[in-house]
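Subject: Structure handover

Dear colleague,

Here is the structure you were waiting for. Please look it over first; my notes follow below.

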Amino acid sequence: NKYLQDRELIRAALEARVRAYAPYSGYLVGAALLTASGTVFQGCNIENASYGAANCAERTAFFKAVSQGEREFLAIAIVGGPSGGEPEDFCPPCGVCRQVMMEFCDPESFMIYLGKADGEIREYRLKELLPLGFSGKGVERKE
Ligand code: THU
């Protein structure tokens, strides 16, 4: 049941958001990435005093998963909002994270679920959020 899967993933993203390290922006983001084998990898944003060294929640989840040997992904749930409360608005993924999704996911089928505290969920395919995305087709691969 897809509706349940969405809600389960959002719940996992909300759980991960609590572990965000975001003392500079005060904006906490959580992500939960579902692999083809059914495993869920959670991620949070991790900031740095050297601001540009921050990593988004979505990329934390992807890099955890890929570094554990995962290469096939079905969906990601994302929630974000200021600390001191639950997310009241949707948190769409940044452009860099969309490009990382493009590297590992099928833009026709990979689903992006955005959630917020009131339970509303919006869902998109990667191709909708990254139209005409650069897939690396034609780029020589060394491995
Ligand atoms: N951030 C994410 O983790 N994911 C997003 O989709 C948007 C932005 C983080 C980066 C930074 O730590 C904070 O949110 C404010 O931009």
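In these notes, a residue is called buried when its relative accessible area is under 20%, exposed when over 50%, and partly exposed in between, with a 1.4 Å probe and protein chains only. A salt bridge is a side-chain nitrogen of Lys or Arg within 4 Å of a carboxyl oxygen of Asp or Glu. For charge, Lys and Arg count as positive and Asp and Glu as negative, while His and the chain ends are not counted.

The model is predicted: local features need pLDDT of at least 70, side-chain atom pairs count only at pLDDT 80 or more, and totals for chains, interfaces and linings use all residues. Residues are numbered from 1 along each chain as its sequence is written, and side-chain values use heavy atoms, with hydrogens and water left out.

Glu70 is buried but has no salt bridge. Its nearest side chain of opposite charge is Arg71, 9.0 Å away. Helices (H or I, at least four residues) and strands (E, at least two) are DSSP runs numbered from the N terminus; in those terms Glu70 sits in the loop between H2 and S3. Contact means heavy atoms within 4.5 Å. Not counting residues up to four places away in sequence, Glu70 touches Thr35, Ser37, Thr39, Phe41 and Ala65. Gly69, which follows H2, has a positive phi near 100°.

Glu47 is also buried without a salt bridge, and the nearest side chain of opposite charge, Arg59, is 10 Å away. Glu47 belongs to the loop between strand S2 (40-44) and helix H2 (57-67). A polar contact here is a pair of N or O atoms within 3.5 Å; within protein, one must be able to donate a hydrogen and the other to accept it, and residues adjacent in sequence count only if both atoms are side-chain atoms. The Glu47 side chain has such a contact with the side chain of Ser25, at 2.6 Å. The side chain of Glu47 also reaches the backbone nitrogen of Tyr24 at 3.1 Å. Neighbours within four places aside, the residues in contact with Glu47 are Tyr21, Ala22, Pro23, Tyr24, Ser25, Tyr27 and Ala54.

The ligand

Which residues surround the ligand? They are Ser25, Tyr27, Val29, Asn45, Glu47, Cys56, Ala57, Glu58, Cys91, Pro92, Pro93 and Cys94, where a residue is included if one of its heavy atoms lies within 4 Å of the ligand. Strand S1 (27-35) and H2 each contribute at least two residues to this shell. The protein covers 77% of the 380 Å² of accessible area that the ligand has on its own, by the Shrake-Rupley method with a 1.4 Å probe.

Helix packing

In H2, the buried residues are Ala57, Glu58, Arg59, Thr60, Ala61, Phe62 and Ala65. They pack against S1, S2, S3 and H3. Helix H3 (residues 95-104) has Cys97, Arg98, Val100, Met101 and Met102 as its buried residues. Their cover includes H2, strand S3 (73-82), strand S4 (111-115) and helix H4 (126-129).

Ala13 is in helix H1 (residues 2-17) and is buried, at 0% relative accessibility. Leaving out neighbours within four places in sequence, Ala13 is in contact with Gly30, Ala31, Ala32, Ala77, Ile78 and Val79. The C-alpha atoms of Ala13 and Glu58 are 9.8 Å apart, with the two residues 45 apart along the chain.

Salt bridges

Side chains of opposite charge can pair when their charged atoms come close. How many salt bridges does the structure hold? There are five.

- Lys127 pairs with Glu108, the closest N and O atoms being 3.0 Å apart. This pair links distant parts of the chain, 19 residues apart: Lys127 is in helix H4 and Glu108 in the loop between H3 and S4. Lys127 is partly exposed at 37% relative accessible area, and Glu108 is partly exposed at 47%.
- Lys116 pairs with Asp118 at 2.9 Å, N to O. Lys116 is buried at 13% relative accessibility, whereas Asp118 is exposed at 57%.
- Lys142 pairs with Glu140 at 3.2 Å, N to O. Lys142 is exposed at 69%, and Glu140 is exposed at 61%. Elsewhere, salt bridges that share partners join Lys116, Asp118, Glu120 and Arg122 into one network.

Regards
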